[in-house]
Amino acid sequence: MNVAIVGASGAVGHELIKVLETYPFPIEKVRLFGSQRSAGQTLVFDGREIKIELLRPDDSLFADTDFAFVSAGASVSREYAGVITAGGALMIDNSSAFRMDGDVPLVVPEVNGADAFDAPRHIIANPNCTTIQMVVALKPINDLSPIRRVHVSTYQAASGAGAAAMQELERQHADIAAGKEPTVEKFAHQLAFNVIPHIDVFTDNGYTKEEMKMHLETKKIMHAPHLEVSATCVRVPVMRAHSEAIWVETADNLDLQTVRRAFIEADGVEYVDDPATLTYPMPLHLAGHDPVYVGRLRKDLACDNGISFWCVSDQIRKGAALNAVQIASYILEHRK
């Protein structure tokens, strides 16, 4: 396959390069694209230096491309979607630009991979990172009994706001240790030694856009318009990998052993749960890993048909780059 990475110099672009170097995906040629700021720079792919090309409004630019992995922001995706798909390339978009469009599938391969074959605009949307890890964990439960209701509280790492946000968190800790006043630029408040219950902008109903993404995207991915999802998204002083505390209510009363076995057997899930040895998923140890890690499984004391659990996943990897590559891989493996 001939592949292109748009937004190659960004955090997800770099991660896409890492994933494509190691994932069993057939590659003939890789091209990298960026803005005026990054065009002309070189990045290394599989030991070879590749120059970043300028993304420009030329319908022939992607003529020889099979898959274009796009992670340059919603405005760029909207502006260049026609250019990217003009020659038949399949655009796998990591922004929020097309996620809720009715003619653009929103895909997590472990959950709804077949939806990838219904892409009339040659665009497939990669869901929000918090949604991706949650639906991977919800799928094995939903297969046992339809999920009626989900409550989720997220604990999102600084890296979810970009490389500059990670650097700001490091500087804030250094400034505080040195007795200086920390600088706040990338977050609404100081993140070091703090948690901020605010990610993205607030909407009219009091929820943030990040929280509404989880509400709406989960319904679309799981083909469950009546599934109720309520989220509270919180930024925490962790460098990388998001965590989520999830409560689900199912139609039937499920026993824990059945749910535990479903997690163990589920695609994309790694079950890590042994309270006797204080073993459970933590972002400190899981950055850079592929699976969605699940633990702290227990019955919900406030709901007869309720299950509670904890999950952790690297939001740059499975929450972005890896999921995009897995979509392309799913298409190649299952196409007729």
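Which residues form a nonpolar patch on the surface, and how much accessible area do they have together? Hello everyone, let me start there. The patch is made of Leu278, Tyr280, Met282 and Leu284, and together they have about 420 Å² of accessible area. A patch here takes residues with over 30% relative accessible area and no salt bridge, joining nonpolar side chains (Val, Leu, Ile, Met, Phe, Trp, Tyr) within 5 Å and like charges within 9 Å. The areas come from the Shrake-Rupley method with a 1.4 Å probe, and for residues only the protein chains shown count as cover.

A word on the model. It is predicted, so local features need pLDDT of at least 70 and side-chain atom pairs count only at pLDDT 80 or more, while totals for chains, interfaces and linings use all residues. Residues are numbered from 1 along each chain as its sequence is written, and side-chain values use heavy atoms, with hydrogens and water left out.

Tyrosine 280 sits in the loop between strand E11 (269-271) and helix H8 (283-286); helices (H or I, at least four residues) and strands (E, at least two) are DSSP runs, numbered from the N terminus. Tyrosine 280 counts as partly exposed, at 33% relative accessibility. For these words, buried means under 20% relative accessible area, exposed means over 50%, and partly exposed is in between, with a 1.4 Å probe and protein chains only.

Now to the charges. Side chains of opposite charge can pair when their charged atoms come close. A salt bridge is a side-chain nitrogen of Lys or Arg within 4 Å of a carboxyl oxygen of Asp or Glu, and the whole structure holds 16 of them.

Take glutamate 15 and arginine 317, whose closest N and O atoms are 2.8 Å apart.

Arginine 31 is another one to find on your screen. It meets glutamate 53 in a salt bridge of 2.8 Å, N to O. Glutamate 53 belongs to strand E4 (residues 48-54) and arginine 31 to strand E2 (residues 29-34), so parts 22 residues apart in sequence are tied together. Arginine 31 also meets aspartate 64, at 3.3 Å, N to O. Aspartate 64 lies in the loop between E4 and strand E5 (67-70), so here the pair links parts 33 residues apart in sequence. Aspartate 64 is partly exposed at 32%, and glutamate 53 is partly exposed at 25%, whereas arginine 31 is buried at 13%.

Finally, the inside. Rolling a probe the size of a water molecule over the atoms shows where empty space is left. How many cavities of 30 Å³ or more does a search of the whole structure find? The search finds 1. A cavity is a set of points on a 1 Å grid over the protein atoms alone where a 1.4 Å probe fits but cannot get out, and lining residues have an atom within 4 Å of a point. The largest cavity has about 40 Å³ of space, and its lining includes Val12, Phe69, Ile92 and Ala320. H1, E5, strand E6 (90-93) and H9 each give two or more residues to that lining, with the largest share, 3 residues, coming from H9.

Notes. On a 1 Å grid over the protein atoms alone, a cavity is a set of points where a 1.4 Å probe fits but cannot get out, and a pocket is an open set with protein on both sides within 12 Å along at least five of seven lines; lining residues have an atom within 4 Å of a point. Grid points are joined across faces, edges and corners, and a volume is the space filled by probe spheres set on the points.
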